[in-house]
Amino acid sequence: METKFINTDTLPFCSGCGHTTISRNTEKALQKIGLNLLDVILVTDIGCHGIIDKAFDTHTVHGLHGRSVALASGISAGVNNPDKKVIVYIGDGGASIGMQHLLDAAHNGYNMTVVVHNNMLYGMTGGQPSELTPKGFKTPTLPQGATHKGYDICGLVATAGASYVSRITGIGDISDQLAEAFSRTGFSLVEVMEICPSYGVKSNPGIKLKTLIEEAGIEIKVYADNEPKAFETQERNDLPSLFSPSLEIKEEFTHRLDKPVRLFLSGTAGEGVQSAAEMFIRAGMRCGLQGTKKGSYPVTVGVGFSASNLILSPEPIFYTGAPRPDVILVTSEDGIKFARKLIDNAGEEALLIIDSTLETPKTRARVVSHHFREHFGGRNAMITALFEYLRQSNIISMDALKKQFMDSKMAANTKLKALIEETFGI
Amino acid sequence: MQALIDGSRLMTEALVKAGAEVFIGYPITPANNLYLFSGKRFKTFLAAPDEITTLQWMSGFAAAGKLPVTATSFPGFALMLESINMAYMMELPMVIVLVQRLGPATGTATSGAQGDIALLNGMLSGGYSIPVISTSEANDCWEMAENALKTAVELRTPVILLTSKEEVMTQFSFDLDTLKEIKAVERKYYSSDGKFIPYKRDERGVPEFLPVNNDRHQVRYTASTHNENGILEGITPGALNNTISINKKIEKNIDSYLYYDLEKDDASDTLLVSYGITANAAREAAVRLRKEGRPVSVFIPKTLLPIPDKYMNIMSGYSNIVIAEENHPGLYRKLLFGVKAPTNVHSVNAIGRMINPDEIIEEVKKHGN
């Protein structure tokens, strides 16, 4: 047969190696299906099989150990055309390392055929066993033989959702079995059983592949033959800009700031600290101020403290930190704990607004204590503390914060709305 | 148009406008906002199961002619390292946004840092260069994002867009009308009918590109040492020359992606040097020092790596240099001046918090003017 895909009579493998059988039968199978040379993308892993690239005149990609299936998944999804045939050559070692990638590719149904060259050991690094080495099989680094049954890679990818899976013996003409897999859309896998003529034969003298397969209970069969489920890459061309007009904050009120003011809000997660902080900054922006808001909370988000650094300034803001805030607002026990150091370090010019249920820590700051929790509820304590701050300081128009509040979901609570209107005279 | 936004939003929009087509990622604090915005904005968005897969999928997309982006933080970036080496060897364009947080290891996910620059300097085995472009203010989240993607395409290389927690998570008021227009980067493909040699270089040292699914010419990609035909060859002169040429490509074209701010005050003999999140503290310190009648110059490198000769020339004109960065050892200072800095080079360092302008002012007053 005239070769079309392979450009040499001399393949780079040891005499008697099953890798030669796979390569030659790949040529034959591709010819049977009638694919064009440049319709094939051959992706190879690390291992003896991976040095085949230069013998193929198809597109070739040679990546990292164990990662070829992930790389091929990206190629397959990037190409997004089932008429292009992505073939992955990988060893039992690479398949062990990249097991997750195989399961994932089968699960997603990426268009590709993976050919696992299972010679039951890592051939390039002296012959250590892989996760696919059958029980009892000896290797140079494991002369007593593998104590565990190898993973059933065919069963695993079949369970994960592969379209077509088979295990075959790598002897003789295997082109029909390979062609069957190559002709499928979606994810297909063929595990080809081989014995490494260097390390496998030396460590297991007199061994015959067929006997070994039989004795190890390895099944030679088709594991999955399903309706093809092929991945299609979604391309959404109609997505709107992230700069939606609804982001606009118009200047419509006035402020009385001639220098920056830095606030530190400290409360409990789930009690509206971040949303109150955002309302306040937006209110400041409605008055023509610049603002920054930096949130702090534990990674679990929904438990413990929740704090926010706010800066409002008539001038551009560079540094967004506030080691010595002008105003500290504390609405809960969590909040006190988190703000403790700032309260300790606060000077006489600072203001501490604190809920009256909390014991006021020793501080040089001027203290204002109010029944925020009791009157408005824990979840509304911070926004009402900010209303109180504004009533005392007048730094920005009360109407600006009122507008933010009225536009928020909180205003749907008519009782709260009325209470806030009454208390703060808005 | 005034809006309350964060750097993640600016960066995502800029990358899409500049022509990035696919975001692939695995979420990690503090890069999550980039992931969330990208899911709403990128033409194609794929949720990868981990960071190794992320970089492999991105490489596959890039080989197929698409422009991929991801965003991560150190623990994820560490997993990506081998694959970034691969993408570098394959000369695949892509942008990796690295949002720094406090390390080592998992460190503190919710605390910012500038602790990864030394890693980036040595991340390629062999010590080769990879472009690292950083943000230092809100507008950089727009312009440097665009520049990172353009550089990736023009030089056929992965580019690291370096930022940090506060830069992409802190919300700030911003006038969106001040942003410059971004046009999508133009992709050029090999168009001749002559044999395509995958790693043959043009006058800038950049190989022409063809996607791995084209019907006209065979394309070969390999992570192993290879000659210009993409054939794995070991240490032949052709293959070694190709490896060196990849590095040369990055270094000799530095002027095409050299970004920095230099505010010179001719009356000053002190230069404040800072980058990333600390740059704004340095800018504020300079404003306040000038108000006090102490002139200082400010140098904010944005192209952090490779370090161009020009930076050394800029700094050589000052008798006092103060470098501020949010890490303990003074990582960028060491890259600029070696393990033992000259006596006129001073450091301001901190971990677990942003550096305060007061600290920078204090350091300047100790030494200059």
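Q: Before anything else, when do two strands pair here, and what is a strand?
A: Two strands pair if DSSP finds at least two bridges between them. Strands (E, at least two residues) and helices (H or I, at least four) are DSSP runs, numbered from the N terminus.

Q: What kind of model is this?
A: This is a predicted model, in which local features need pLDDT of at least 70 and side-chain atom pairs count only at pLDDT 80 or more, while totals for chains, interfaces and linings use all residues. Residues are numbered from 1 along each chain, chains are lettered from A in the order in which they are written, and side-chain values use heavy atoms, without hydrogens and water.

Q: OK, what is the bridge partner of A:Thr60 in E10(B)?
A: B:Arg220. E2(A) and strand E10 of chain B (residues 220-222) pair in the parallel sense, over three bridges.

Q: Which sheet is that part of?
A: An open sheet of eight strands with mixed pairing, in the order E7(A)-E5(A)-E6(A)-E4(A)-E3(A)-E1(A)-E2(A)-E10(B).

Q: How does E7(A) run against E5(A)?
A: Antiparallel, with three bridges joining E7(A) to E5(A), residues 164-169. A:Tyr164 has A:Asp225 in E7(A) as its bridge partner.

Q: Switching topic: how many residues of chain A are in contact with chain B?
A: 64 residues of chain A are in contact with 70 of chain B, where contact means heavy atoms within 4.5 Å.

Q: What area is buried there?
A: About 5,400 Å², of which carbon and sulfur atoms give 60%. Buried area is the accessible area (1.4 Å probe) that two parts lose on being put together, summed over both. In chain A, A:Leu242, A:Phe243 and A:Tyr319 lose the most area to chain B, together 15% of what that side buries.

Q: How many salt bridges are there between the chains?
A: Three between chain A and chain B, a salt bridge being a side-chain nitrogen of Lys or Arg within 4 Å of a carboxyl oxygen of Asp or Glu. A:Glu235 forms one with B:Lys66, and their closest N and O atoms are 3.5 Å apart.
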